[in-house]
Amino acid sequence: MKCCFRLIIMVTLACNNPVPIHVPQVSDTTIIDSTFTNQLIPEESGAPTSFVPGYYTGIIPCSDCFSITRKILLSADHQFHFKDVFNGKETAPLETMGQWQTTNDQLKLLVNNQVFKHFAVTNKGLSELSMTGAPAPLYPDTYLSPTIIGADNIAWMEKKAAGIDFFALGNEPFWLMEIDKDKQISFLRVDSTAPTVFAYAPAVQQNGQYIYNVQKDSATMQIVIKPEFCSDGMSDNWYEYRVEVRCGGVSYVGCGVKLNDFVP
C-alpha cells in the first residue's frame with residue numbers, strides 16, 4: 001500500500017513539473033558556409049575565360065526596333081566579319097570587317113585600326129562593353145554565344161548527318177566538293193553527270209593553309225583550304241574557309257564550311 005502511494009505521488013509530481021525539453025534554434029544547429037554561398041558556380045557566373053575564334057551569334061536589345069540579330073565570324077587569322085540585322089525596322093543591315101585582338105580577357109574589333117566594338121570574353125559568351133572597355137556590360141545578361149556555322153541550314157545539316165566533314169562550292173563555273181575523312185573526296189562539276197571520287201588522303205599544313213593532293217588513275221586534284229571569311233555571292237550563307245580546287249588543268253575558286261569536328 002505504501003509503495004502504491006509513493007508511485008502515485010511520483011507520477012503526480014512528474015505531470016506537474018515536466019522536465020523541460022530543449023528545442024534547438026536555427027542558430028544552435030545550423031552553420032552557414034559563407035564561402036560556399038558567396039561563390040557562384042562558374043558555368044552560371046559569366047566569369048572571364050580564354051577566347052576561342054569561331055562563329056558567334058545572339059539577339060541584343062534595340063532602342064528603336066524590336067531587336068538586333070548579331071553574328072560575328074572571328075577567323076583564326078585574326079580577321080572578323082560582322083553583321084547586325086535590325087528586326088522590325090526598314091534599315092539596311094550593318095555589315096563590316098576588320099581585325100580582332102584580345103587583351104586581358106577582352107576582345108576588340110578593329111576597323112581601320114580604330115576600335116569598332118569591345119567585348120568581355122566570358123564562359124557564357126561575348127558580352128559587349130563600352131568603347132572604353134569599362135567592366136560593366138552594355139547589355140546585362142546578354143551574350144553572343146559560339147554557334148556551329150550553318151546550324152540553321154537544313155541542307156548542310158543533312159550532309160553533316162550523312163558523315164560529310166567538309167563541304168565547298170563555287171560558281172562560274174558551278175562546282176561542289178565534299179570531304180568524308182573516313183572514306184573519300186568527291187568533286188562535281190556543272191558539266192558532269194557524276195562526281196569524280198578520290199580516296200581520302202590527309203592534308204599538309206603550309207603557311208596557314210591546308211593542301212590536299214589526291215589521285216585516281218591518271219586524274220589528279222589539288223585542294224587548297226585557307227581559314228578566311230568567304231561569301232558565295234549567291235546567298236546569305238557565311239563560310240569560314242576560302243577554297244581553291246585545281247583539277248583537269250582548271251582552277252575553281254569558292255567557299256567551304258566545316259560540318260563536323262574536323263581539321264581540314
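How many bridges join strand 9 to strand 17? The count is four, and the two strands run antiparallel. The legends below describe this region and several salt bridges in a predicted model.

**Figure 1. Overview of the chain.** The predicted model contains five helices and 17 strands. Of its 264 residues, 34% count as buried. The chain exposes about 16400 Å², and carbon and sulfur atoms supply 56% of this area. Among the contacts with a separation of 6 or more, 37% are made by residues 24 or more positions apart.

Figure 2. Strand 9 spans residues 166-170 and is mostly covered, with five of its five residues buried. Phe-166, Ala-168 and Gly-170 point one way from the strand, while Phe-167 and Leu-169 point the other way. This pattern can be understood because side chains in a regular strand alternate between the two faces of the sheet. In strand 9, the residues pointing either way are all buried.

Figure 3. Strand 9 pairs with strand 10 in the antiparallel sense over five bridges. Within this pairing, Phe-167 has Glu-178 of strand 10 as its bridge partner. The two strands form a hairpin with four residues between them. In the turn, Glu-172 has a positive phi of about 55°. Strand 9 is also joined to strand 17 (residues 250-258), by four bridges. Here Leu-169 has Cys-255 of strand 17 as its bridge partner.

**Figure 4. The salt bridge between Lys-159 and Glu-178.** Glu-178, the bridge partner of Phe-167, also takes part in a salt bridge with Lys-159. The closest N and O atoms of this salt bridge are 2.5 Å apart. Lys-159 belongs to helix 5 (residues 154-161) and Glu-178 to strand 10 (residues 175-180), so the pair links distant parts of the chain, 19 residues apart. Is Lys-159 buried or partly exposed? With a relative accessible area of 22%, Lys-159 is partly exposed, because the buried class requires a value under 20%.

**Figure 5. The salt bridge between Arg-70 and Asp-84.** The side chains of Arg-70 and Asp-84 meet in a salt bridge, at 2.7 Å from N to O. Because Arg-70 lies in strand 2 (residues 67-74) and Asp-84 in strand 3 (residues 79-87), the pair ties together parts that are 14 residues apart in sequence. Arg-70 counts as buried, at 2% relative accessibility. Asp-84 is buried as well, with a relative accessible area of 3%. Both residues belong to a network of salt bridges that also includes Lys-117 and Glu-128.

**Figure 6. The salt bridge between Glu-228 and Arg-242.** In this salt bridge, the closest N and O atoms of Glu-228 and Arg-242 are 2.7 Å apart. Glu-228 lies in strand 15 (residues 219-231) and Arg-242 in strand 16 (residues 238-247), so this pair ties together parts that are 14 residues apart in sequence. Glu-228 is partly exposed, with a relative accessible area of 21%. Arg-242 likewise counts as partly exposed, at 34% relative accessibility. A search of the whole structure finds nine salt bridges, including the one between Glu-228 and Arg-242.

Key. Residues are numbered from 1 along each chain as its sequence is written. This is a predicted model: local features need pLDDT of at least 70, side-chain atom pairs count only at pLDDT 80 or more; totals for chains, interfaces and linings use all residues. Side-chain values use heavy atoms; hydrogens and water are left out. A salt bridge is a side-chain nitrogen of Lys or Arg within 4 Å of a carboxyl oxygen of Asp or Glu. Buried means under 20% relative accessible area, exposed over 50%, partly exposed in between (1.4 Å probe, protein chains only). Contact means heavy atoms within 4.5 Å. Accessible areas come from the Shrake-Rupley method with a 1.4 Å probe; for residues, only the protein chains shown count as cover. Two strands pair if DSSP finds at least two bridges between them.
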